[in-house]
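Have both open as you go.

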Amino acid sequence: MKIVSKKKAFAIIIALVSTCKIASAQDVDLFKSLDEQDKKDKQNQTDYTTAIFKTTRMINGQSIENVGAGVLDVKISHRFTPINAGAKGLWGLDGANMRMGVDYGINRWAMVGIGRTKGGLFDGFAKVKLLRQSTGKVKMPVSVSLSGGAIWSTDKASTYNNYSDRFNYSLQAIVARKFNDYISLQVVPTVIHYNSVEKSSIPNDFYSIGFGGRLRLTKRVNLTAEYYYRLTNPSDYTYGGSKPVNCLSVGFDIETGGHVFQFHFSNSPDMNDRSFINETTQKWNVDAVRFGFNIARVFVINAPKAVKI
Amino acid sequence: MKKIILIASFSALIGTSAMSQKVYQTKTGQISFDATGTCAEPIKATNNQVDSKFVDKTGQIVFSVLIKGFKFPNALMEDHFNENYMESSKFPKADFKGFITNISSVNFAKDGTYDATAKGNLTIDGKSKEITVPGTITIEKGKPTIKASLNIPLKEFIHGSYIGSQILDVAKTTVVCKYE
């Protein structure tokens, strides 16, 4: 201690005291650090875009959305006869094509569904999310899902040579983007495979590309539209004696709590991938357009563990 | 010389006491709410990733809550919550910035439960409002746990005019945060 001069010791004290002052001047301001954290989080955290569309169906076809994990979604869909029936035929509401089905969310990534359409068509599908649109740390401009389905026809009157002829399949890649809170669009390259076709000149695989979009009108009501453009269009392919045309549907999605109602007008009487894409035969005019609806009601079967309150 | 040493040690002591201000924090706090009105399905959700910090000396306290972190049993309800009510793409977080007004009555060295009141600004959906929340601070082995419940008046925060009888006007909210 004696080696240290008084001056030096004094300097040390000054230094010590001043560090103390710095320390106390550095009193934490949590408000400030929270604001800074928020700014950082915007860069460092990934914000996944949700609710690109209101429900799992655009109108007839699949949308990018899945049902939530552990949720059962009961869907009842009707497609009526053309509205030109007038008041006498209650604008087509007398006759209806119907599909009843249930969808189930296996986890955050995958869902499956089964259904039956009037006329003995059973269908099943699985849809898997591959990419999710996001901002922040991971920037992904689009969401991408893959949907694969099969239709089994139980129609006894038809002339199927083999049992396998009763099946056809569809595979769709769904690419969607939510541009803002009001506009979302999706593009759906589609291939429909038939195990058997009428003639050798008709291919087994029919390619098409679907377009879908929604415009949010109010918080509860969305205007939706869906159009499938058929890329495979062999000159001698007919359905029920008529040349198929492209299917266009325009409607509204209305949500009320646990329900989503979809009301729409379409030139197709069908709801299955194969049927509405490749078997629509009437052009969009007053003689063909018909009213239809999908009603979805969700039931929580298996709530995620973290949520059980 | 002895004097100098004395002063030095004294100033060092002051220094340590100034620096002993401690920031308690958690990133796994829990906030849940229940706004079930006449609706058949329960409207409740839990967020287990609440970010909160507080200072033992000043009582300054902050909570930061990611809106998309609220998990509902029904995923469709969660979508509606985010898109229609909370506008979470525009306002991803809710926060509270305030002070525990009677922090001096809490003895962090002694186990026990102390009444505490927090006063500050609650910001939800881009709207701020000053609130006072009574709660408790429990000290267990030097680690504090804050518990509080409050009724958040939804109409004063949330956009949209259609909060009907199916949803209560107030969300009964509970906060449980264990700090390190």
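Q: How many bridges join β4(B) to strand β5 of chain B?
A: Helices (H or I, at least four residues) and strands (E, at least two) are DSSP runs, numbered from the N terminus, and two strands pair if DSSP finds at least two bridges between them. β5(B) covers residues 112–124 and runs antiparallel to β4(B). Within β5(B), Ala118(B) is the bridge partner of Ile100(B). The number of bridges joining β4(B) to β5(B) is six.

Q: What should I know about the model and its numbering?
A: Residues are numbered from 1 along each chain as its sequence is written, while chains are lettered from A and ligands numbered from 1 in the order in which they are written. This is a predicted model, in which local features need pLDDT of at least 70, side-chain atom pairs count only at pLDDT 80 or more, and totals for chains, interfaces and linings use all residues.

Q: How many of the eight residues of β4(B) are buried?
A: A residue is buried if 20 or more other C-beta atoms lie within 10 Å of its own, exposed if 12 or fewer, and partly exposed in between, with C-beta atoms placed from the backbone. β4(B) is mostly covered, and its buried residues number six.

Q: Which strands of chain A are included in what covers the buried residues of α2(B)?
A: Helix α2 of chain B spans residues 75–85, and its buried residues are Ala75(B), Leu76(B), Met77(B), His80(B), Phe81(B) and Tyr85(B). What covers them includes three strands of chain A: β2 (71–82), β12 (247–256) and β14 (290–300).

Q: Why does Glu87(B) count as partly exposed?
A: Glu87(B) lies in the loop between α2 and β4 (93–100) of chain B. Its phi is positive, near 50 degrees, in a residue other than glycine. Most residues other than glycine have a negative phi. Glu87(B) is partly exposed because its other C-beta atoms within 10 Å number 18.

Q: Is Lys141(B) buried or exposed?
A: Lys141(B) sits in the loop between β6 (127–140) and β7 of chain B. Although not a glycine, Lys141(B) has a positive phi of about 50 degrees. Because Lys141(B) has 5 C-beta neighbours inside 10 Å, it counts as exposed.

Q: In what order do the 12 strands of chain A close into a barrel?
A: The pairing in this barrel is antiparallel. Between β7 (residues 143–153) and β8 (residues 167–178) of chain A there are 10 bridges, and Ile151(A) stands opposite Asn168(A) in β8(A). The order is β2-β3-β4-β5-β7-β8-β9-β10-β11-β12-β13-β14.

Conventions:
Two residues are in contact if their C-beta atoms, placed from the backbone, lie within 7 Å.
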